[in-house]
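The sequence and structure are shown first.

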Amino acid sequence: MSDVLIVGGSGAIGSALIQHYGALGDRVTALSRKAAPPWVQGRGWLHWQSVDEQDSASLNTALEHSLSRAPGIIYLCQGWLHDEKTLPEKAISQLSDEHLLQSLAVNLLSPARYLQALMPYMFRQPGVKVLVLSAKVGSITDNQLGGWYSYRASKAAVNMLVKTASIELKRRNKTATLVTVHPGTTASELSAPFQARVPAAQLQSPDSTASRLAQVAARLQPEQTGLLLNWDGQPLPF
Ligand SMILES: NC(=O)c1ccc[n+]([C@@H]2O[C@H](COP(=O)([O-])OP(=O)(O)OC[C@H]3O[C@@H](n4cnc5c(N)ncnc54)[C@H](OP(=O)(O)O)[C@@H]3O)[C@@H](O)[C@H]2O)c1
C-alpha cells in the first residue's frame, strides 16, 4: 500500500485517478475546491479535504495533513477550457481580458500555488513523483492549427513553470521527478463541446486515462524530470 495525493479531485480525470488507486489498495488524499461528493462516503482509504487555495492558511493546513502521509505520487489535475458563456477563441478578435485571465488563473496560477507550497516536501522526499496535467495544445512546436489562444498560452506557461521548477528541484533532490503530462482527449466536462470532432478510437474514458497516467507515473524516472510527456509516456516537444 502506498499513498497518493490528487489535487483537483472533483474533475473527471481527478476522480478517475482516485478510484484507480483506491482499487489498487492504495491510500488516497484528494484536495478540491468542492465538498466531498456522495460517492466518497464509505471509502475508508480516501481522505477528501476541501481547500480554498486562494487562502494560504487553508492551503497549508490541507497540505500539512496530506504530506504527513508521505505520498510518493502527486497529481495536479486543475484545468479550464470553457464555460457556459465562454468558448475557446477561434480568432484573436475573440480574445478578452476576462477569458485570458480565467485561463491563466486555473491553468497556471492554481498549479503554481500548489507547486510552491509542495516544493519543500519535494526537496526532502526520496523518489517523489509529481505529475502536472497539461495539454499537447500547450506545445509551441506542435501548434499547427492555431486557435484556442487563452488555453494554449496558459498551458504553454504551465509547461515552462514546471520545467523551471524541475531545474530547481533537481539541484536539491536528485531522486525526485516533476513532469507535465498530456492525458489524451478524455470524455469530461472540459472536452464535452469538442468530443464530436474526435474519432471514437481517440476519445478515452476517464477510467482508461487514469490507468494510462498511473502507468506513466509508475515508470517515471528522475532522468525524465522537466519533460512534457504524452499519455503513453513518450516525450512531447515544448
Ligand atoms: N479532458 C481532456 O480531453 C483533456 C485533454 C488535454 C488536457 N486535459 C487536462 O487534464 C486536466 C483534467 O481535465 P478534466 O478533463 O478532468 O477536466 P474537468 O473534469 O473539467 O476537471 C476540471 C479540474 O480543474 C479543477 N478546477 C476547475 N476550475 C477551477 C478553478 N477555478 N480553480 C482551481 N481549479 C479548478 C477541478 O478541481 P476541483 O476538484 O478543485 O473542482 C478539476 O480538477 C486539466 O489540466 C486539463 O487541461 C484534459
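In which strand does Thr29 lie? Thr29 belongs to strand S2, residues 27-32.

## Basis of the description

The model is predicted; local features require pLDDT of at least 70, side-chain atom pairs count only at pLDDT 80 or more, and totals for chains, interfaces and linings use all residues. Residue numbers start from 1 along each chain as its sequence is written. Helices (H or I, at least four residues) and strands (E, at least two) are DSSP runs numbered from the N terminus.

Thr29 is buried, having 24 other C-beta atoms within 10 Å. The term buried applies at 20 or more other C-beta atoms within 10 Å of the residue's own, exposed at 12 or fewer, and partly exposed in between, with C-beta atoms placed from the backbone.

Leaving aside neighbours within four places in sequence, Thr29 is in contact with Leu5, His47, Gln49, Ser66, Arg69 and Pro71; contact requires C-beta atoms, placed from the backbone, within 7 Å. Thr29 and Leu46 are separated by 17 residues in sequence, and their C-alpha atoms are 5.8 Å apart.

H3 (97-124) and H4 (residues 149-172) pack at an angle of about 10°, with axes 9 Å apart. Axes are lines fitted to C-alpha atoms, for helices over the stretch in contact, and angles between N-to-C directions run from 0 to 180 degrees. H3 and H4 are therefore roughly parallel; angles under 35 degrees count as roughly parallel, over 145 as roughly antiparallel, 65 to 115 as roughly perpendicular, and the rest as oblique. By class, the H3 contact with H4 has 15 nonpolar, five polar and two charged residues. Here Ala, Val, Leu, Ile, Met, Phe, Trp, Tyr, Cys and Pro count as nonpolar, Asp, Glu, Lys and Arg as charged, and the others, Gly among them, as polar.

The axes of H2 (residues 56-67) and H3 come within 11 Å and cross at roughly 40°, which makes H2 oblique to H3. In this contact, Leu59, Asn60, Leu63 and Leu67 of H2 meet Arg113, Ala117, Leu118 and Tyr121 of H3. These residues divide into six nonpolar, one polar and one charged.

## Ligand shell

Of the 26 residues around the ligand, Gly8, Ser10, Gly11, Gly79 and Ser188 come nearest; a residue is near a molecule if its C-beta atom, placed from the backbone, lies within 6 Å of it. Helices H1 (12-23) and H3 are the elements that give two or more residues to this shell. The largest share, three residues, comes from H1. By class, the shell has nine nonpolar, 14 polar and three charged residues.

Conventions: Two residues are in contact if their C-beta atoms, placed from the backbone, lie within 7 Å.
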